Structure formats: C-alpha cells, structure tokens
Amino acid sequence: MFITALSAFDDNYIWAIQPAANANQVILVDPGAAAPCHHWLNQHNYQLAAILITHHHWDHTDGVKQLVQQWNCPVYGPANSSFTGITKPLHHGDSVDLPELKLQWQVIATPGHTLDHLSYFGHGTLFCGDTLFLAGCGRMFEGTPEQFHQSLRLLAELPAETRVYAAHEYSLANLRFAAAAMPGNAAVAAAQKRVEGLRDQGLPSLPTTLIEERAINPFLRADSVSEFHRLRQWKDRF
Ligand SMILES: [Zn+2]
C-alpha cells in the first residue's frame, strides 16, 4: 500500500491511498476540499475508486459532492452521521471491502470528538481523523469523557507497529503540551526534535506509530476517565 498526504486548508491532511506506488486507483480519506484532490488525481492520471469519511465536520467532507460528481464513486462513512453524502453507511465492527484493490479496513467506532466518529484499521494502518493525533487527541465537541477515553483505549490496543494517519498537522503544539503534562519525558523531547526537523523541511510529521504514541501521547496514556478529562480540559486552555 502506498499513501500520499494531500494538504488542505491550514493544517488538514487528505490521505490518498493506492494499492501500490503508481497504481491507477485511489482511495481518499476525508476530502474536505475537492481542488487539491482533483489537481493531484488529474496530474497523475489517477482514478478515484472510493472515499472514506471519519466524521461529519466540514473540513473532512466539503469536497465529497464535487468529487462524486466527477468520479461517481462510493462514499463510506458513519451510519449515524449528519453528513448526508454517505452512500455506504458503516457501523462499529463492519469492514470496508475493496476486493478489486485487495484492500480491507476494519471499522472502529471512536466517539468523543464527535458522536459519529469512525476510525479505519487495516494493512498496519489506522485512519483516525480527529480522534488521535501525534501527541494529542481531538477536542471533545460532542461526546463524553467516558466515550472518548474508551475510544482511545480501543485504538491503544491495536498492534504497536500500526502507522497512525491523523487528519491534522498539530504535532508541534501537541508536543509542547505533552512536555508540560509529562515533564522530563525523554521520548517527548526526542519527538520534538524529530518533528521540528521534518517541519523545517516542509514535510508532514505523520504518520506516527502506536508504539510512539504510547510513549509520548498523554491522552493515550491516561489510565482513567478522570485523568483523560483533566488533561482534555487543561489542553483546551493551554
Ligand atoms: Zn473534526
């Protein structure tokens, strides 16, 4: 599998998945804007085979209508979403099966940031939208601390080597918070150095890995709902 980051807005990543490098068929995750997708697909003469949506927010969905008009592809996403463009509604425990591309993802309900939020796990990759970020997690707009903590627990149990493709480049700000929340954590200091180096070169800091997140992510490491809630409230005003 081959994955490319398409940048949108200030700090969104739209992940473009191909079964192999230069494969003609592409799957897009959370195309909040159509223009960068059209540009990249046309530039390489690729075809859009499917869209995966993690949750209803506009910066993850606003490009869908225009892309579907051109490519007429299926749109996978949460069955309980307020976003109306989903043609393949999914529940926790379902899978996204694309046999012609030899690709399959497991659907994991991860409410907390929003109530409809889904994450997709397969082929050693996790597309987790705004649930889990490098050294951080999304804001708790709709869910409860119990839901969000449980969602992070589910993701933490995936294999350590899983590559985590989050939807935003928030890594440096998240690492500043992680350094405050976990003073003296050497893994956080090392991650800050690594991410600064990547960002200085204009490169994405993502994907991260679960093994890395278990070391540097205070939200993933929170061992109780109350600890998660305390951190989330602190980060909201940090
Ligand atoms: Zn969001």
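Two strands pair if DSSP finds at least two bridges between them, and strands (E, at least two residues) and helices (H or I, at least four) are DSSP runs numbered from the N terminus. The model is predicted, so that local features need pLDDT of at least 70 and side-chain atom pairs count only at pLDDT 80 or more, while totals for chains, interfaces and linings use all residues. Residues are numbered from 1 along each chain as its sequence is written, and side-chain values use heavy atoms, with hydrogens and water left out.

**View 1. The open sheet of six strands.** The strand order is β7-β8-β9-β10-β13-β14, with mixed pairing. β7 (95-98) and β14 (208-209) are the edge strands, each pairing on one side only. Strand β13 (residues 163-166) runs antiparallel to β14 and is joined to β14 by two bridges, and R163 has T209 as its bridge partner in β14.

**View 2. Helix α4 against helix α9.** Helix α4 (residues 145-156) packs on helix α9 (residues 225-236) at an angle of about 105 degrees, with the axes 9 Å apart; axes are lines fitted to C-alpha atoms, for helices over the stretch in contact, and angles run from 0 to 180 degrees between N-to-C directions. α4 is therefore roughly perpendicular to α9, a term for angles of 65 to 115 degrees. The contact (heavy atoms within 4.5 Å) is made by P145, E146, F148, H149 and L152 of α4 with V225, F228 and H229 of α9.

Technical notes:
Parallel < 35°, antiparallel > 145°, perpendicular 65-115°, else oblique.
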